[in-house]
Amino acid sequence: MIDMKERAMLLVQFRDANGAAVCGLLDGDIVRAHAASRSTYDHVRDCLAAGQGLIDSADAFGGAAMGFADLAAGERLLPPLTHPDPRRCLVSGTGLTHRGSADTRALMHMPDDAAASDTMRLFTAGVKGGRPAGDAPGVLPEWFYKGDGDSIVAPGAAMPSPGFALADGEEPELAMLYVIDNNGIPRRIGSAIGNEFSDHETERLNYLYLAHSKLRDCSFGPALRVGAPPADIHGETRILRAGREVWRKRFATGEANMTHNLANLEHHHFRYARHCRPGDVHVHFLGTAVLSFADGFMVDDGDVIEIGADSYGPPLRNVVRRAPDGTVMTKVQPA
């Protein structure tokens, strides 16, 4: 669907009858397939090679029309942007960009003096210096690694949780999507609503365990919103258990609700040469403001997490599937 006022459109990706990834334009409840059956990644690369703006490529979607609901029911939906080689997709994120997450984490690690915690010092630094004007970079944000393309779960698919996890927690966030062009220049493809699934109990043990708590699968989509993200995005998270809603909360994100602006976050991510390798895909989560863990709610096996936001199309839905408890020692074999 193309919004001419905001110059934005929604793209989805799905499996065709042969299992190949195909990009489609979401127009209301209808998906119009790419006429040449190209994946989102291939379509983006085609546009870059032709010097065509992605937002001006709607004419490419002249293939078969199908119902979005049918694609979802048939479990044919894919993440809206993938790399054909999952090892060439970097999934990362930044935290402490929203007041809600900063308060939660500060209390998690230093309940008697939250204002003096490292968390609040870093958050305050972002408030003061995370929105630079002009070409000078702002303050360095937090950054974490989540995984490669194999850590991305398709919309509608099960969200796996390892048996050693101490907890499963949703994080409704804006996921920014990029492809590096042939000259090593990061190209912002668009954004999607995501679930940056994390283990907050492991993080609560010690804030230095944050890296471990983030090594979980995640999901984003179903739609990729081409163009600049809205500055003020409002959405809602729902958790369903056995078909009954057990937790719900509104959230706000986008630059108007963040300490850092997008330009500063992008600078500090792409200043590293290894993050500018031609052809790579980057998925970068921008942080959350609301999570059920902060309300004392614990996500359980079989719960359905639903996250939706205005102007981003159908909500993202995943069911949590926890592996059996009981961790055995990982044995490394000699060469």
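**Salt bridges and pockets in a predicted model**

Let me start with D295, which at 43% relative accessibility counts as partly exposed, a label that covers the range between buried, under 20% relative accessible area, and exposed, over 50%, with a 1.4 Å probe and protein chains only. This is a predicted model, in which local features need pLDDT of at least 70 and side-chain atom pairs count only at pLDDT 80 or more, while totals for chains, interfaces and linings use all residues. Residues are numbered from 1 along each chain as its sequence is written, and side-chain values use heavy atoms, with hydrogens and water left out.

The partner of D295 is K249, and their side chains form a salt bridge at 3.2 Å, N to O, where the term means a side-chain nitrogen of Lys or Arg within 4 Å of a carboxyl oxygen of Asp or Glu. This pair links distant parts of the chain, 46 residues apart, with K249 in strand β16 and D295 in the loop between β17 and β18; helices (H or I, at least four residues) and strands (E, at least two) are DSSP runs, numbered from the N terminus. K249 is also partly exposed, at 34%.

Across the whole structure, the search finds 21 salt bridges. One of them joins D168 to R322, with the closest N and O atoms 2.5 Å apart. D168 sits in the loop between β10 and β11 and R322 in strand β19, so this pair ties together parts that are 154 residues apart in sequence. Here D168 is buried, at 5%, whereas R322 is partly exposed, at 31%.

Turning to the pockets, how much space lies in the largest one? The volume is about 300 Å³, and by definition a pocket is found on a 1 Å grid over the protein atoms alone, as an open set of points where a 1.4 Å probe fits, with protein on both sides within 12 Å along at least five of seven lines, its lining residues having an atom within 4 Å of a point. The largest pocket is lined by 15 residues, and the closest to its centre are A72, L77, P155, G156 and A157. Strand β19, where R322 lies, supplies at least two residues of this lining, as do α2 and β6.

The second largest pocket has a volume of about 230 Å³, and the residues that line this pocket include R15, H83, C89 and I152.

How values were computed. Points joined across faces, edges and corners; volume = space filled by probe spheres on them.
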